[in-house]
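This report describes one protein model for a reader who has not seen it before. Please look over the sequence and the structure before reading on.

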Amino acid sequence: MEEIFGKHFSITEPNAVNTVIYKVNKTEKEFLEESPKFTMERLDYSEELVGTNKKKTFYIDEPAPEGNQLLILSFGKEKVVVNSGYLETHNNLVKISNTPIPMKFQTLYSEEDTEFRDFEYTPNLKRPITIIDPETTEEVKPTLYFDKDTNEVKGKCKLQAKKSYVVFEIKDNKK
């Protein structure tokens, strides 16, 4: 029987806000040459009502011994607040920045149905980019395909016409 080790933490938010949290992963050294340096993994959560607020408990399977960097996105009416956080694995403590961090993100909008570019995956099928529907806060799931020319697994996302999306990509500042 396989044993899974994990951590969890909770946040409380108003009903008008919907928070999603991503764990930022560094790509393993053996895959760095042909893969993105960082990938994002959306955390699963459970939710319960506490008075007029929501309490969300987020789960991290197999946390890194040195801790995990977190990207926290809080979607409200007409805006997205971005914060960074850090899970200290040794004492099960999550530290969240006091002020939202400046971060580059892009809003996509098109008058016609469209596909959003090819993006690379790591060998374990993690990706450096995520596209989120701000109304539902759900990810737009990519269609995977094998690019014979580059010998890589890539993805494309189909986007609906006359609808806005938020795109986040983690890049290495050194490039």
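A residue is called buried when its relative accessible area is under 20%, exposed when it is over 50%, and partly exposed in between. Val24 has a relative accessibility of 18%, so it counts as buried. The coordinates discussed here are those of a predicted model.

## Confidence and overall make-up

The mean pLDDT of the protein is 78, and 75% of the residues score at least 70. Confidence is highest in strand S4, residues 44-50, with a mean of 94. It is lowest in strand S9, residues 106-108, where the mean is 61. Where pLDDT is low, the predicted coordinates should not be read in detail.

The protein has 15 strands and zero helices. Of its 175 residues, 39% are buried. The protein exposes about 11400 Å², and carbon and sulfur atoms supply 49% of that area. Among contacts with a separation of 6 or more, 61% are between residues 24 or more positions apart.

## Strand S6 and its partners

Strand S6 covers residues 68-76 and is mostly covered, with seven of its nine residues buried. Strand S2, residues 18-26, runs antiparallel to S6 and is joined to it by seven bridges. In this pairing, Val20 has Leu73 of S6 as its bridge partner. Strand S7, residues 79-88, also runs antiparallel to S6, and nine bridges join the two. Phe75 stands opposite Val80 of S7. Strands of a sheet pair through backbone hydrogen bonds, either parallel or antiparallel.

S6 and S7 form a hairpin with two residues between them. Glu78, in the turn, has a positive phi of about 70°.

Val24 lies in strand S2. The C-alpha atoms of Val24 and Leu71 are separated by 7.0 Å, although the two residues are 47 residues apart along the chain.

## The open sheet of three strands

An open sheet of three strands has the order S1-S5-S4, and its pairing is antiparallel. Its edge strands are S1 (6-14) and S4, each of which pairs on one side only. From one strand to the next, the twist averages 20°.

S4 and S5 pair in the antiparallel sense over seven bridges. In this pair, Glu48 stands opposite Lys55 of S5. In a regular strand the side chains alternate between the two faces of the sheet.

## Nonpolar cores

Which residues make up the largest nonpolar core? This core has 12 residues in all: Val20, Tyr22, Val24, Phe38, Met40, Leu71, Leu73, Phe75, Val82, Ile132, Val166 and Phe168. At least two of its residues come from each of S2, strand S3 (38-42), S6 and S15. A second, separate core has nine residues, including Phe9, Ile11, Phe58 and Leu87.

Phe75 belongs to the largest nonpolar core. Leaving aside neighbours within four places in sequence, Phe75 is in contact with Ala16, Val17, Asn18, Val20, Val80, Ile132, Pro134, Thr137 and Val166.

## A buried aspartate

Is Asp133 buried or exposed? Asp133 is found in strand S11, residues 129-133. Its relative accessibility is 10%, below the 20% limit, so Asp133 counts as buried. Not counting residues up to four places away in sequence, Asp133 touches Glu138, Lys163 and Tyr165. Asp133 and Ser164 are 31 residues apart in sequence, and their C-alpha atoms are 7.2 Å apart in space.

## Positive phi angles in two loops

Most residues other than glycine have a negative phi. Glu62 has a positive phi of about 50° although it is not a glycine. Glu62 is placed in the loop between strand S5 (53-61) and S6. With a relative accessibility of 57%, Glu62 counts as exposed.

Lys162 is likewise a residue other than glycine with a positive phi, near 55°. Lys162 lies in the loop between strand S14 (152-159) and strand S15 (165-169). Its relative accessible area is 58%, so Lys162 is exposed.

Definitions and conventions:
Residues numbered from 1 in each chain as written. Predicted model: local features only at pLDDT ≥ 70, side-chain atom pairs only at ≥ 80, totals over all residues. Heavy atoms only, no water. Buried < 20%, exposed > 50% of the residue type's maximum accessible area, 1.4 Å probe, protein only. Helix = DSSP H or I, 4+ residues; strand = E, 2+ residues; numbered from the N terminus. Pairing = 2+ DSSP bridges. pLDDT = per-residue confidence, 0-100. Axes fitted to C-alpha atoms, helices over the stretch in contact; angles between N-to-C directions. Contact = heavy atoms within 4.5 Å. Areas by Shrake-Rupley, 256 points an atom, 1.4 Å probe, with all protein chains shown as cover. Core = buried A, V, L, I, M, F, W, Y, C linked by side-chain atoms within 4.5 Å.
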